[in-house]
Amino acid sequence: MNIVEKSLLSDSHIDEEILSKTLKSMMGRQVDYADLYFQASQHETWVLEDGIVKEGSYNIERGVGVRAISGEKTGFAYSDDINPQALQQAADAAKGIADSGSGATVKAFSRQSPINVYQSVEPLGSLTQEQKIDLLHQIEAHARQTDSRVKQVIASISGVYETILVSASDGTYGTDIRPLVRLNCSVLVEENGKRERASAGGGARTDYSYFFDVAPGDNKPRYLAYAEESVRQALVNLVAIEAPAGTFPVVLGAGWPGVLLHEAVGHGLEGDFNRKGSSAFSGKVGQQVTSKLCTIVDDGTLVDRRGSITIDDEGTPGQYNVLIEQGILKGYMQDKHNAGLMGVKPTGNGRRESYAHLPMPRMTNTYMLAGESSPEDIIKSVKKGIYAPNFAGGQVDITSGKFVFTSSEAYLIEDGKITSPVKGATLIGNGPEAMKRISMVGNDLKLDPGVGVCGKNGQSMPVGVGQPTLKVDEMTIGGTQ
(Lines give C-alpha, C1' and ligand atoms only; values in the text may rest on other atoms or scores of the structure.)
Protein backbone atom coordinates (compact mmCIF):
# COMPACT_ATOMS: atom_id res chain seq x y z
CA MET A 1 0.00 0.00 0.00
CA ASN A 2 1.43 3.40 -0.99
CA ILE A 3 1.18 6.70 0.87
CA VAL A 4 -1.82 7.83 -1.20
CA GLU A 5 -3.83 4.68 -0.48
CA LYS A 6 -3.05 5.00 3.23
CA SER A 7 -4.11 8.65 3.50
CA LEU A 8 -7.18 8.41 1.25
CA LEU A 9 -8.44 4.87 1.93
CA SER A 10 -7.08 2.95 4.90
CA ASP A 11 -7.17 5.92 7.28
CA SER A 12 -10.87 6.19 6.36
CA HIS A 13 -11.46 2.41 6.82
CA ILE A 14 -11.86 1.80 3.09
CA ASP A 15 -10.07 -0.95 1.15
CA GLU A 16 -10.12 -2.41 -2.37
CA GLU A 17 -12.92 -4.76 -1.43
CA ILE A 18 -15.16 -1.83 -0.45
CA LEU A 19 -14.24 0.01 -3.67
CA SER A 20 -15.18 -3.03 -5.75
CA LYS A 21 -18.38 -3.58 -3.78
CA THR A 22 -19.39 0.08 -4.24
CA LEU A 23 -18.78 -0.06 -7.98
CA LYS A 24 -20.71 -3.35 -8.29
CA SER A 25 -23.66 -1.78 -6.46
CA MET A 26 -23.81 0.83 -9.23
CA MET A 27 -23.39 -1.51 -12.19
CA GLY A 28 -26.89 -2.75 -12.80
CA ARG A 29 -28.25 -3.31 -16.28
CA GLN A 30 -28.73 0.45 -16.65
CA VAL A 31 -25.13 1.63 -16.08
CA ASP A 32 -22.30 1.27 -18.62
CA TYR A 33 -19.40 2.62 -16.55
CA ALA A 34 -18.74 3.91 -13.05
CA ASP A 35 -15.76 5.43 -11.28
CA LEU A 36 -14.67 6.75 -7.88
CA TYR A 37 -12.32 9.73 -7.56
CA PHE A 38 -10.71 10.38 -4.18
CA GLN A 39 -8.76 13.58 -3.59
CA ALA A 40 -7.00 15.39 -0.78
CA SER A 41 -5.28 18.74 -1.31
CA GLN A 42 -3.44 21.36 0.70
CA HIS A 43 -3.10 24.85 -0.75
CA GLU A 44 -1.32 27.95 0.56
CA THR A 45 -0.91 31.50 -0.73
CA TRP A 46 1.23 34.37 0.56
CA VAL A 47 0.91 37.92 -0.81
CA LEU A 48 3.25 40.82 -0.04
CA GLU A 49 2.19 44.33 -1.09
CA ASP A 50 4.58 47.25 -0.59
CA GLY A 51 6.43 45.48 2.17
CA ILE A 52 3.32 44.36 4.07
CA VAL A 53 1.98 40.79 4.18
CA LYS A 54 -1.57 41.33 2.89
CA GLU A 55 -2.60 37.68 2.70
CA GLY A 56 -1.57 34.38 4.22
CA SER A 57 -4.04 31.57 3.55
CA TYR A 58 -3.99 27.81 3.99
CA ASN A 59 -6.78 25.50 2.82
CA ILE A 60 -7.38 21.77 3.11
CA GLU A 61 -9.87 19.92 0.90
CA ARG A 62 -10.76 16.26 1.01
CA GLY A 63 -13.52 14.25 -0.60
CA VAL A 64 -14.72 11.73 -3.16
CA GLY A 65 -16.63 12.11 -6.42
CA VAL A 66 -18.76 9.25 -7.75
CA ARG A 67 -19.87 8.98 -11.36
CA ALA A 68 -22.20 6.64 -13.23
CA ILE A 69 -22.43 6.78 -17.03
CA SER A 70 -25.40 5.54 -19.00
CA GLY A 71 -25.15 6.26 -22.71
CA GLU A 72 -24.86 10.02 -23.06
CA LYS A 73 -26.23 10.57 -19.56
CA THR A 74 -24.11 10.99 -16.47
CA GLY A 75 -25.08 10.64 -12.83
CA PHE A 76 -22.72 12.35 -10.40
CA ALA A 77 -22.54 12.88 -6.66
CA TYR A 78 -19.78 13.83 -4.26
CA SER A 79 -19.04 13.92 -0.55
CA ASP A 80 -16.55 16.04 1.38
CA ASP A 81 -16.35 13.22 3.91
CA ILE A 82 -14.51 9.99 3.08
CA ASN A 83 -15.93 6.92 4.84
CA PRO A 84 -17.76 3.74 3.70
CA GLN A 85 -21.23 5.11 4.49
CA ALA A 86 -20.70 8.45 2.67
CA LEU A 87 -19.17 6.59 -0.27
CA GLN A 88 -22.19 4.31 -0.63
CA GLN A 89 -24.66 7.20 -0.27
CA ALA A 90 -22.89 9.09 -3.07
CA ALA A 91 -22.89 5.93 -5.20
CA ASP A 92 -26.64 5.45 -4.68
CA ALA A 93 -27.29 9.09 -5.64
CA ALA A 94 -25.15 8.88 -8.79
CA LYS A 95 -26.73 5.58 -9.84
CA GLY A 96 -30.21 7.01 -9.39
CA ILE A 97 -29.64 9.68 -12.02
CA ALA A 98 -28.55 7.26 -14.76
CA ASP A 99 -31.70 5.53 -15.97
CA SER A 100 -30.80 3.72 -19.18
CA GLY A 101 -27.84 1.80 -20.50
CA SER A 102 -26.55 -1.50 -21.77
CA GLY A 103 -25.20 -2.72 -18.45
CA ALA A 104 -21.67 -3.92 -17.71
CA THR A 105 -19.67 -5.85 -15.15
CA VAL A 106 -16.94 -4.63 -12.81
CA LYS A 107 -13.50 -5.83 -13.89
CA ALA A 108 -10.76 -6.75 -11.45
CA PHE A 109 -8.54 -3.78 -10.61
CA SER A 110 -5.34 -3.47 -12.61
CA ARG A 111 -2.84 -1.22 -10.85
CA GLN A 112 -1.36 1.46 -13.08
CA SER A 113 2.43 1.80 -13.33
CA PRO A 114 2.84 4.90 -15.48
CA ILE A 115 6.12 6.78 -15.84
CA ASN A 116 6.22 9.59 -13.28
CA VAL A 117 6.66 12.97 -14.94
CA TYR A 118 7.24 14.81 -11.65
CA GLN A 119 8.60 13.85 -8.24
CA SER A 120 6.36 13.02 -5.31
CA VAL A 121 7.51 16.02 -3.29
CA GLU A 122 5.57 18.05 -0.71
CA PRO A 123 6.21 21.70 -1.68
CA LEU A 124 4.51 23.47 1.23
CA GLY A 125 7.10 22.24 3.72
CA SER A 126 10.11 22.91 1.48
CA LEU A 127 10.44 26.40 2.99
CA THR A 128 9.51 27.69 6.42
CA GLN A 129 6.94 30.43 6.77
CA GLU A 130 9.72 32.90 7.52
CA GLN A 131 11.65 31.83 4.41
CA LYS A 132 8.59 32.28 2.19
CA ILE A 133 7.99 35.80 3.46
CA ASP A 134 11.69 36.64 3.21
CA LEU A 135 11.65 35.46 -0.42
CA LEU A 136 8.81 37.87 -1.19
CA HIS A 137 10.70 40.71 0.50
CA GLN A 138 13.76 39.92 -1.65
CA ILE A 139 11.64 40.04 -4.81
CA GLU A 140 10.23 43.43 -3.85
CA ALA A 141 13.65 44.83 -2.98
CA HIS A 142 15.15 43.62 -6.24
CA ALA A 143 12.29 45.08 -8.31
CA ARG A 144 12.74 48.48 -6.66
CA GLN A 145 16.51 48.33 -7.11
CA THR A 146 16.09 47.53 -10.80
CA ASP A 147 14.64 50.99 -11.57
CA SER A 148 13.79 54.06 -9.50
CA ARG A 149 10.51 54.49 -11.38
CA VAL A 150 9.01 51.45 -9.62
CA LYS A 151 6.34 52.79 -7.27
CA GLN A 152 4.50 49.66 -6.19
CA VAL A 153 5.38 45.96 -5.95
CA ILE A 154 3.05 43.04 -5.28
CA ALA A 155 4.76 39.66 -4.87
CA SER A 156 2.95 36.38 -4.30
CA ILE A 157 3.81 32.73 -3.82
CA SER A 158 1.50 29.72 -3.79
CA GLY A 159 1.88 25.98 -3.42
CA VAL A 160 -0.36 22.94 -3.78
CA TYR A 161 0.13 19.39 -2.53
CA GLU A 162 -2.51 17.08 -3.96
CA THR A 163 -3.05 13.33 -3.79
CA ILE A 164 -5.61 11.45 -5.88
CA LEU A 165 -6.85 7.89 -6.27
CA VAL A 166 -9.05 6.65 -9.11
CA SER A 167 -10.83 3.30 -9.31
CA ALA A 168 -13.30 2.35 -12.02
CA SER A 169 -15.53 -0.45 -13.26
CA ASP A 170 -13.24 -1.01 -16.28
CA GLY A 171 -10.47 -2.17 -13.91
CA THR A 172 -8.65 1.16 -13.70
CA TYR A 173 -6.83 1.67 -10.40
CA GLY A 174 -4.33 4.51 -10.13
CA THR A 175 -2.81 6.94 -7.64
CA ASP A 176 -0.84 10.15 -8.04
CA ILE A 177 0.92 12.78 -5.94
CA ARG A 178 0.80 16.20 -7.61
CA PRO A 179 2.93 19.10 -6.39
CA LEU A 180 2.53 22.57 -7.89
CA VAL A 181 4.23 25.89 -7.11
CA ARG A 182 3.78 29.39 -8.53
CA LEU A 183 5.54 32.74 -7.99
CA ASN A 184 4.52 36.14 -9.35
CA CYS A 185 5.79 39.71 -9.28
CA SER A 186 3.60 42.65 -10.32
CA VAL A 187 4.94 46.21 -10.49
CA LEU A 188 3.60 49.70 -11.08
CA VAL A 189 6.00 52.22 -12.64
CA GLU A 190 5.48 55.96 -12.92
CA GLU A 191 7.19 58.77 -14.83
CA ASN A 192 5.91 62.32 -15.38
CA GLY A 193 2.46 61.36 -14.16
CA LYS A 194 2.16 58.39 -16.53
CA ARG A 195 1.68 54.95 -14.99
CA GLU A 196 1.99 51.42 -16.32
CA ARG A 197 1.66 48.01 -14.68
CA ALA A 198 3.16 44.65 -15.67
CA SER A 199 3.72 41.27 -14.10
CA ALA A 200 5.93 38.22 -14.59
CA GLY A 201 6.35 34.89 -12.89
CA GLY A 202 6.52 31.16 -13.30
CA GLY A 203 6.03 27.77 -11.74
CA ALA A 204 6.29 24.02 -12.08
CA ARG A 205 5.28 20.68 -10.58
CA THR A 206 7.99 20.62 -7.92
CA ASP A 207 8.80 22.43 -4.66
CA TYR A 208 9.85 26.00 -3.83
CA SER A 209 13.54 25.29 -4.50
CA TYR A 210 12.64 25.75 -8.18
CA PHE A 211 12.61 29.53 -7.74
CA PHE A 212 16.16 29.62 -6.39
CA ASP A 213 17.53 27.66 -9.37
CA VAL A 214 19.06 29.40 -12.37
CA ALA A 215 16.95 28.86 -15.48
CA PRO A 216 18.71 27.48 -18.59
CA GLY A 217 20.24 30.34 -20.59
CA ASP A 218 20.01 32.77 -17.68
CA ASN A 219 22.58 33.91 -15.12
CA LYS A 220 20.43 34.54 -12.07
CA PRO A 221 17.89 32.71 -9.88
CA ARG A 222 14.38 32.59 -11.27
CA TYR A 223 12.85 34.76 -8.53
CA LEU A 224 15.21 37.64 -9.39
CA ALA A 225 14.61 37.15 -13.12
CA TYR A 226 10.81 37.42 -12.57
CA ALA A 227 11.25 40.74 -10.74
CA GLU A 228 13.44 42.15 -13.52
CA GLU A 229 11.10 40.95 -16.26
CA SER A 230 8.05 42.59 -14.67
CA VAL A 231 9.94 45.89 -14.46
CA ARG A 232 11.19 45.58 -18.06
CA GLN A 233 7.69 45.04 -19.45
CA ALA A 234 6.24 47.94 -17.45
CA LEU A 235 8.99 50.31 -18.65
CA VAL A 236 8.43 49.24 -22.27
CA ASN A 237 4.76 50.21 -21.98
CA LEU A 238 5.71 53.49 -20.30
CA VAL A 239 7.26 54.71 -23.59
CA ALA A 240 4.88 52.85 -25.93
CA ILE A 241 2.93 54.77 -28.56
CA GLU A 242 -0.70 54.08 -29.50
CA ALA A 243 -1.13 50.96 -31.61
CA PRO A 244 -2.28 51.38 -35.23
CA ALA A 245 -5.57 49.88 -36.36
CA GLY A 246 -5.94 47.91 -39.56
CA THR A 247 -4.90 44.68 -41.22
CA PHE A 248 -1.20 43.79 -40.96
CA PRO A 249 1.22 40.88 -40.97
CA VAL A 250 1.72 39.78 -37.35
CA VAL A 251 4.75 38.04 -35.87
CA LEU A 252 3.99 36.19 -32.67
CA GLY A 253 6.88 35.65 -30.26
CA ALA A 254 8.01 32.28 -28.91
CA GLY A 255 6.64 30.86 -25.65
CA TRP A 256 3.68 32.47 -23.89
CA PRO A 257 2.03 33.74 -27.14
CA GLY A 258 1.12 30.06 -27.56
CA VAL A 259 -1.87 31.03 -25.40
CA LEU A 260 -3.44 32.25 -28.66
CA LEU A 261 -2.93 28.75 -30.07
CA HIS A 262 -4.46 27.30 -26.89
CA GLU A 263 -7.60 29.40 -27.23
CA ALA A 264 -8.03 29.69 -30.98
CA VAL A 265 -7.25 26.05 -31.81
CA GLY A 266 -6.82 23.97 -28.66
CA HIS A 267 -10.32 24.27 -27.21
CA GLY A 268 -11.80 23.52 -30.61
CA LEU A 269 -9.95 20.18 -30.60
CA GLU A 270 -11.43 18.93 -27.31
CA GLY A 271 -13.57 15.83 -27.76
CA ASP A 272 -16.85 16.99 -26.23
CA PHE A 273 -17.22 19.96 -28.59
CA ASN A 274 -16.53 17.72 -31.58
CA ARG A 275 -18.83 14.90 -30.49
CA LYS A 276 -21.62 17.47 -30.32
CA GLY A 277 -20.58 19.03 -33.64
CA SER A 278 -20.20 22.46 -32.09
CA SER A 279 -16.52 23.06 -32.92
CA ALA A 280 -15.14 24.76 -36.01
CA PHE A 281 -13.03 21.57 -36.38
CA SER A 282 -15.91 19.06 -36.10
CA GLY A 283 -15.83 16.26 -38.68
CA LYS A 284 -12.54 17.40 -40.20
CA VAL A 285 -10.17 14.59 -39.16
CA GLY A 286 -7.90 13.85 -42.13
CA GLN A 287 -8.48 17.29 -43.65
CA GLN A 288 -6.05 20.19 -43.89
CA VAL A 289 -7.11 22.71 -41.24
CA THR A 290 -3.96 24.86 -40.90
CA SER A 291 -0.89 25.83 -42.89
CA LYS A 292 1.29 22.83 -43.80
CA LEU A 293 4.02 24.38 -41.62
CA CYS A 294 2.02 23.66 -38.45
CA THR A 295 2.35 20.56 -36.28
CA ILE A 296 0.51 20.94 -32.98
CA VAL A 297 0.67 18.53 -30.05
CA ASP A 298 -0.82 18.16 -26.59
CA ASP A 299 1.81 16.63 -24.32
CA GLY A 300 1.06 15.63 -20.75
CA THR A 301 4.43 13.88 -20.35
CA LEU A 302 6.83 16.85 -20.12
CA VAL A 303 8.89 16.60 -16.94
CA ASP A 304 7.80 18.93 -14.10
CA ARG A 305 5.70 21.14 -16.39
CA ARG A 306 2.66 22.92 -14.97
CA GLY A 307 0.21 21.17 -17.31
CA SER A 308 1.76 17.69 -17.06
CA ILE A 309 0.01 14.66 -15.57
CA THR A 310 1.36 11.23 -14.65
CA ILE A 311 -2.24 10.02 -14.91
CA ASP A 312 -5.31 12.05 -15.77
CA ASP A 313 -8.32 12.30 -13.46
CA GLU A 314 -9.78 9.09 -14.90
CA GLY A 315 -6.59 7.09 -14.34
CA THR A 316 -5.42 7.15 -17.97
CA PRO A 317 -1.63 7.74 -18.22
CA GLY A 318 -0.58 11.15 -19.58
CA GLN A 319 0.23 10.97 -23.29
CA TYR A 320 1.92 12.76 -26.19
CA ASN A 321 -0.89 13.39 -28.67
CA VAL A 322 -0.33 14.76 -32.17
CA LEU A 323 -3.42 16.85 -32.92
CA ILE A 324 -2.41 18.47 -36.21
CA GLU A 325 0.48 17.19 -38.33
CA GLN A 326 1.77 19.37 -41.16
CA GLY A 327 -1.62 21.02 -41.31
CA ILE A 328 -3.67 17.80 -41.30
CA LEU A 329 -6.09 17.22 -38.40
CA LYS A 330 -5.18 13.87 -36.80
CA GLY A 331 -7.59 13.65 -33.89
CA TYR A 332 -9.10 15.21 -30.80
CA MET A 333 -8.31 15.26 -27.08
CA GLN A 334 -10.52 12.75 -25.30
CA ASP A 335 -11.73 11.67 -21.89
CA LYS A 336 -13.25 8.20 -21.42
CA HIS A 337 -16.89 9.26 -21.82
CA ASN A 338 -16.54 11.14 -25.11
CA ALA A 339 -14.01 8.64 -26.46
CA GLY A 340 -16.45 5.79 -25.84
CA LEU A 341 -19.30 7.60 -27.55
CA MET A 342 -17.08 8.48 -30.53
CA GLY A 343 -15.58 5.00 -30.83
CA VAL A 344 -11.98 6.05 -30.19
CA LYS A 345 -9.46 5.61 -27.39
CA PRO A 346 -9.09 8.07 -24.48
CA THR A 347 -6.01 10.25 -24.86
CA GLY A 348 -5.21 11.06 -21.22
CA ASN A 349 -7.10 14.36 -21.28
CA GLY A 350 -9.86 13.62 -18.76
CA ARG A 351 -9.36 16.39 -16.18
CA ARG A 352 -11.38 17.91 -13.36
CA GLU A 353 -10.86 20.81 -10.96
CA SER A 354 -11.63 18.68 -7.90
CA TYR A 355 -13.58 15.70 -6.58
CA ALA A 356 -16.67 17.96 -6.61
CA HIS A 357 -16.50 18.36 -10.41
CA LEU A 358 -17.07 16.06 -13.38
CA PRO A 359 -14.09 15.25 -15.61
CA MET A 360 -14.15 16.46 -19.21
CA PRO A 361 -11.67 16.72 -22.11
CA ARG A 362 -9.06 19.36 -21.23
CA MET A 363 -5.65 20.35 -22.53
CA THR A 364 -2.38 19.63 -20.70
CA ASN A 365 0.65 21.27 -22.39
CA THR A 366 -0.39 22.35 -25.89
CA TYR A 367 2.25 23.69 -28.27
CA MET A 368 3.40 23.97 -31.87
CA LEU A 369 6.60 22.21 -32.92
CA ALA A 370 9.56 24.20 -34.25
CA GLY A 371 9.96 25.02 -37.93
CA GLU A 372 13.01 25.90 -40.00
CA SER A 373 13.05 29.72 -40.16
CA SER A 374 15.21 31.85 -37.91
CA PRO A 375 13.36 34.48 -35.83
CA GLU A 376 15.57 37.15 -37.46
CA ASP A 377 14.52 36.11 -40.98
CA ILE A 378 10.86 36.16 -39.95
CA ILE A 379 11.15 39.76 -38.73
CA LYS A 380 13.12 40.76 -41.85
CA SER A 381 10.32 39.44 -44.08
CA VAL A 382 7.83 42.02 -42.77
CA LYS A 383 7.81 45.51 -44.29
CA LYS A 384 5.11 46.91 -42.00
CA GLY A 385 3.47 44.91 -39.24
CA ILE A 386 3.22 44.06 -35.55
CA TYR A 387 5.50 41.95 -33.35
CA ALA A 388 3.71 40.57 -30.26
CA PRO A 389 5.94 38.73 -27.76
CA ASN A 390 3.50 38.83 -24.82
CA PHE A 391 -0.26 38.56 -24.28
CA ALA A 392 -2.52 39.61 -21.45
CA GLY A 393 -5.34 37.21 -22.35
CA GLY A 394 -8.25 36.65 -24.69
CA GLN A 395 -11.37 34.71 -25.55
CA VAL A 396 -12.70 32.52 -28.32
CA ASP A 397 -16.04 31.36 -29.68
CA ILE A 398 -15.61 27.59 -30.10
CA THR A 399 -18.34 27.26 -32.73
CA SER A 400 -17.21 30.03 -35.08
CA GLY A 401 -13.51 30.01 -34.16
CA LYS A 402 -13.49 33.81 -33.74
CA PHE A 403 -11.04 35.16 -31.17
CA VAL A 404 -10.00 38.44 -29.56
CA PHE A 405 -6.62 38.79 -27.82
CA THR A 406 -5.00 41.71 -26.04
CA SER A 407 -1.23 42.09 -26.18
CA SER A 408 0.63 43.13 -23.02
CA GLU A 409 3.80 43.87 -25.02
CA ALA A 410 3.96 44.68 -28.73
CA TYR A 411 6.11 46.57 -31.23
CA LEU A 412 5.93 47.97 -34.73
CA ILE A 413 7.88 46.19 -37.44
CA GLU A 414 9.12 48.67 -40.06
CA ASP A 415 11.23 47.67 -43.05
CA GLY A 416 12.20 44.36 -41.46
CA LYS A 417 13.18 45.82 -38.10
CA ILE A 418 11.50 45.93 -34.68
CA THR A 419 11.03 49.62 -33.82
CA SER A 420 8.64 51.47 -31.49
CA PRO A 421 6.75 49.67 -28.71
CA VAL A 422 2.97 50.05 -29.00
CA LYS A 423 0.19 49.60 -26.47
CA GLY A 424 -3.48 48.82 -26.84
CA ALA A 425 -2.94 46.32 -29.69
CA THR A 426 -5.80 43.83 -29.90
CA LEU A 427 -5.55 40.84 -32.24
CA ILE A 428 -8.86 39.91 -33.86
CA GLY A 429 -9.42 36.92 -36.10
CA ASN A 430 -10.73 33.45 -36.76
CA GLY A 431 -8.66 30.54 -35.43
CA PRO A 432 -8.77 28.16 -38.43
CA GLU A 433 -8.35 31.04 -40.90
CA ALA A 434 -5.43 32.57 -39.00
CA MET A 435 -3.70 29.18 -38.81
CA LYS A 436 -3.95 28.83 -42.60
CA ARG A 437 -2.20 32.18 -42.99
CA ILE A 438 0.95 31.11 -41.15
CA SER A 439 3.75 31.44 -43.71
CA MET A 440 6.88 31.11 -41.52
CA VAL A 441 7.56 29.06 -38.38
CA GLY A 442 10.68 29.67 -36.31
CA ASN A 443 13.29 27.20 -35.12
CA ASP A 444 13.08 28.57 -31.56
CA LEU A 445 10.34 26.53 -29.84
CA LYS A 446 9.83 27.80 -26.30
CA LEU A 447 7.34 26.87 -23.58
CA ASP A 448 5.69 29.37 -21.27
CA PRO A 449 7.27 29.96 -17.83
CA GLY A 450 4.58 27.97 -16.01
CA VAL A 451 1.72 30.39 -15.43
CA GLY A 452 -1.20 29.06 -17.50
CA VAL A 453 -4.69 28.69 -16.03
CA CYS A 454 -7.46 27.43 -18.30
CA GLY A 455 -11.16 27.92 -17.65
CA LYS A 456 -13.92 25.74 -19.09
CA ASN A 457 -17.50 25.22 -17.88
CA GLY A 458 -16.64 26.91 -14.60
CA GLN A 459 -13.63 24.71 -13.89
CA SER A 460 -10.05 26.03 -13.71
CA MET A 461 -7.02 23.84 -14.50
CA PRO A 462 -3.25 24.41 -14.66
CA VAL A 463 -2.03 24.13 -18.25
CA GLY A 464 1.04 24.82 -20.36
CA VAL A 465 1.38 26.51 -23.75
CA GLY A 466 4.22 27.11 -26.17
CA GLN A 467 5.29 27.81 -29.72
CA PRO A 468 8.19 29.06 -31.81
CA THR A 469 8.21 32.54 -33.35
CA LEU A 470 5.73 32.50 -36.25
CA LYS A 471 4.39 34.82 -38.91
CA VAL A 472 0.70 35.25 -39.75
CA ASP A 473 0.49 36.98 -43.14
CA GLU A 474 -2.64 38.92 -42.31
CA MET A 475 -4.51 39.68 -39.10
CA THR A 476 -6.83 42.46 -37.98
CA ILE A 477 -5.36 44.73 -35.32
CA GLY A 478 -7.71 46.75 -33.18
CA GLY A 479 -5.67 49.78 -32.15
CA THR A 480 -6.21 53.27 -30.78
CA GLN A 481 -4.31 55.26 -33.40
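The largest pocket holds about 1200 Å³ of space. This volume, like everything that follows, comes from a predicted model. The pocket is lined by 42 residues, and those closest to its centre are Gly 201, Glu 229, Lys 446, Asp 448 and Pro 449. Several elements contribute to this lining: β6 (172–191), β7 (194–204), α5 (222–238), β16 (384–396) and β21 (446–447) each provide at least two residues. The largest share belongs to the helix α5, which gives eight residues. Sorted by class, the lining of the largest pocket has 19 nonpolar, ten polar and 13 charged residues.

The second largest pocket contains about 640 Å³ of space. Here 26 residues form the lining, and Val 160, Glu 162, Glu 353, Ser 460 and Pro 462 are the closest to the centre. At least two lining residues come from each of β1 (33–49), β2 (52–70), β5 (150–168), β6 and β23 (459–467). In the second largest pocket, the lining divides into seven nonpolar, nine polar and ten charged residues.

Next come the cavities. How many of 30 Å³ or more does a search of the whole structure find? The search finds two. The largest cavity has about 90 Å³ of space. Among its 13 lining residues, Leu 252, Leu 260, Met 435, Ile 438 and Leu 470 are the closest to its centre. Two or more residues of this lining come from each of α6 (258–266), α10 (431–436) and β24 (470–478). Eleven of the lining residues of the largest cavity are nonpolar and two are polar, while none is charged.

The second largest cavity has a volume of about 30 Å³. Its lining is made up of Glu 263, Ala 264, Gly 268, Ala 280, Phe 281, Val 396, Asp 397, Ile 398, Gly 401 and Pro 432. By class, six of these residues are nonpolar, two are polar and two are charged.

Is β23 enclosed by the rest of the structure or left open? Eight of its nine residues are buried, so β23 is largely enclosed by the rest of the structure.

Part of the surroundings of β23 can be followed through its strand pairings. Strand β15 (residues 365–368) runs parallel to β23, and three bridges join the two. In this pairing, Thr 366 sits opposite Val 465 of β23. The strand β21 runs antiparallel to β23 and is joined to β23 by two bridges. Lys 446 has Gln 467 in β23 as its bridge partner; Lys 446 is also one of the residues closest to the centre of the largest pocket.

The strand β22 (residues 452–456) pairs with β23 in the antiparallel sense as well, over five bridges. Within this pair, Val 453 stands opposite Pro 462 of β23, and Pro 462 is in turn among the residues closest to the centre of the second largest pocket. Together β22 and β23 form a hairpin with two residues between the strands, where Asn 457 takes a positive phi near 50 degrees.

Key: Residues numbered from 1 in each chain as written. Predicted model: local features only at pLDDT ≥ 70, side-chain atom pairs only at ≥ 80, totals over all residues. Heavy atoms only, no water. 1 Å grid on protein atoms, 1.4 Å probe; cavity = no way out; pocket = protein on both sides within 12 Å on 5 of 7 lines; lining within 4 Å. Points joined across faces, edges and corners; volume = space filled by probe spheres on them. Helix = DSSP H or I, 4+ residues; strand = E, 2+ residues; numbered from the N terminus. Nonpolar A, V, L, I, M, F, W, Y, C, P; charged D, E, K, R; others polar. Buried < 20%, exposed > 50% of the residue type's maximum accessible area, 1.4 Å probe, protein only. Pairing = 2+ DSSP bridges.
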